[in-house]
Amino acid sequence: MLWSLIRILAFVAIVTALTYGAVMLSDMPGQALLTFGGVEVPLSLLELAFVLLALAVLVWIGLKLLGLLMAVLHFLNGDETAISRYFTRNRERRGYQALSEGMMALASGEGHLALAKAAKAERFLDRPELTTILTAQAAEMAGDRKKAEETYKRLLQDDKTRFVGVLGILKQRLADGDTDTALKLAEKAFALKPRHAETQDILLQLQAGQGDWKGARATLTAKQRSGHLPKDVHKRRDAILALSEAQEVFAEGATIEAREAAIAANKQSPDLVPAAVLAAQAYIENGKPKNAARLLAKAWAAQPHPDLAAAFARIAPEETPQERLKRFTALTKQQPVHPETRMLLAELNLAAEDFPAARRALGDLAESDPTTRSLTLMAAIERGTGADDAAVRGFLAKAVTAPHGPQWICESCQHIHADWAPTCENCGGLDTLAWKQAPRSPLATPTGAEMLPLIIGSTQEPDDPTATDAPIDSEVIEAEPEK
């Protein structure tokens, strides 16, 4: 409001001053004589002032026209001028508008429209790091893989866009299933940007898929250092990779290295069942059964698992069922109400032919949590206590259609695995397998309807690692002595 009042007052003051000046000039005596081509033109002072003002305006317009003419000449000569800058700004405006429309089309899934807008933006803009990336992504969305690959290869020529080009070609190779080339590209992308989370994940998955456990551990460490992985998760996954490395060393027969790798894997993650089993095997081979027993007991306290019981049995393969029942107290006293502990204790008593104790150990598990294994155990107990064939067959019939119980399930794709593995054989996910109840499936696990070797023994040599995997069937149950 005040500024508007000031402007009005200033305008009034200027008009007043001009009017006063004009009146003063008109009242002053005398005149000016202007001679032009022999013609004399008398002018008053006021008229002379207007003539001088008009002359100044004409000179100013002439100078502007001359400047415009010089600018046109420079423009035609290719020099940078105001005219060239005007056209440049106009082209940039149209180019950025096309780029914006292309990005919107890309976000809305209109690949062909995005490709057309990218081509238009490329004509108007000299920004290949923007337009080429848009062209590549639009070509992929439109299904033109050839054009997308050609565009990604163009990005490789510029240091600023080389990483995007490598990543784009990498994803194409992954889609084609060319894991060997994809691994090399992932290593190149990782070298360009070692802190890029997606590149770390891709490289880690490819390394684990091809069994490069040492390289995978290095990538996992880089992922943790860059802040993309919590410390506890890194510790567990590093233990998984160390375990996988140790398993390969065991397979190669390098005894000392195998023992060290297995024990190191277990120390990193004591609750990892396969690591505990492998480390226990290393201790047994090294003549340290007490260390193996202590390690397995600690793992059982964290998560009871039939593989731990089988490994515990291998510590003393020659013992009698009664000796085994006594020695297994180190496991069965921990988590006594856990279904795995109850079934293990029932199996041990069955092996010792103490059928009432086996029934007490199993309790109501066959009713509260019926699985193939618990129902098979109940059938064996019924046969051992002298029940009629109908009762035994009843439990066996239920066991056929009962759930298998906990199995190794991939938490990403729900694929069921017969054995633990560091990566899912279906989706390739690292550290996605969990021991949990699975949906009904025809796939049986090694412990589904079987009894551990620690119960019934085996005709195989104790050194044979498969000596603990003798399945129980109806003929075995028939052979149980009646009491």
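Trainee: What makes Glu 149 and Arg 173 a salt bridge?

Mentor: Good place to begin! In this predicted model, the closest N and O atoms of Glu 149 and Arg 173 are 2.8 Å apart. A salt bridge needs a side-chain nitrogen of Lys or Arg within 4 Å of a carboxyl oxygen of Asp or Glu, so the pair qualifies. Glu 149 lies in helix H6 (residues 145–155) and Arg 173 in helix H7 (residues 162–176), so this contact ties together parts that are 24 residues apart in sequence.

Trainee: Is Arg 173 buried or exposed, and how do you know?

Mentor: Arg 173 has a relative accessible area of 18%. Buried means under 20%, so Arg 173 is called buried. Arg 173 also belongs to a network of salt bridges that links it with Glu 149 and Lys 153.

Trainee: How many salt bridges are found in the whole structure?

Mentor: The search finds 18. One of them joins Lys 117 to Glu 101, with the closest N and O atoms 2.7 Å apart. That pair links distant parts of the chain, 16 residues apart: Lys 117 is in helix H4 (residues 111–124) and Glu 101 in helix H3.

Trainee: Why is Glu 101 called partly exposed?

Mentor: Its relative accessible area is 29%.

Trainee: What makes Arg 373 and Glu 340 a salt bridge, and which helices hold them?

Mentor: Their side chains meet at 2.6 Å, N to O, and the cut-off is within 4 Å. Arg 373 lies in helix H21 (residues 372–384) and Glu 340 in helix H18 (residues 339–351), so parts 33 residues apart in sequence are tied together. Both Arg 373 and Glu 340 are buried.

Trainee: Now the surface. Which residues gather in the patch of positive charge?

Mentor: They are Arg 91, Arg 93, Arg 94 and Arg 123. Helix H3 (residues 82–107) gives the most to this patch, with three residues, and Arg 91 lies in helix H3.

Trainee: Which residues make the nonpolar surface patch?

Mentor: Phe 50, Leu 53, Val 57, Leu 58, Trp 60, Ile 61, Leu 65 and Leu 68 make it, over about 860 Å². Val 57 is found in helix H2 (residues 45–76). Its relative accessible area is 41%, so Val 57 is partly exposed.

Trainee: How do you know that strands S3 and S5 pair?

Mentor: Pairing requires at least two bridges, and S3 (residues 406–410) and S5 (residues 433–437) have five, in the antiparallel sense. For instance, the bridge partner of Cys 410 in S5 is Leu 433. S3 also joins S4 (residues 416–417) through two antiparallel bridges, and the partner of Trp 408 in S4 is His 417.

Trainee: Why do S4 and S5 stand at the edges?

Mentor: The open sheet of three strands has the order S4-S3-S5. S4 and S5 each have a single partner strand, so one side of each is left without a neighbour in the sheet.

Trainee: What makes S3 mostly covered?

Mentor: Four of the five residues in S3 are buried.

How values were computed: Residues are numbered from 1 along each chain as its sequence is written. This is a predicted model: local features need pLDDT of at least 70, side-chain atom pairs count only at pLDDT 80 or more; totals for chains, interfaces and linings use all residues. Side-chain values use heavy atoms; hydrogens and water are left out. Patches are made of residues with over 30% relative accessible area and no salt bridge: like charges are joined within 9 Å, nonpolar side chains (Val, Leu, Ile, Met, Phe, Trp, Tyr) within 5 Å. Accessible areas come from the Shrake-Rupley method with a 1.4 Å probe; for residues, only the protein chains shown count as cover. Lys and Arg count as positive and Asp and Glu as negative; His and the chain ends are not counted. The place of a charge is taken as NZ of Lys, CZ of Arg, CG of Asp or CD of Glu. Buried means under 20% relative accessible area, exposed over 50%, partly exposed in between (1.4 Å probe, protein chains only).
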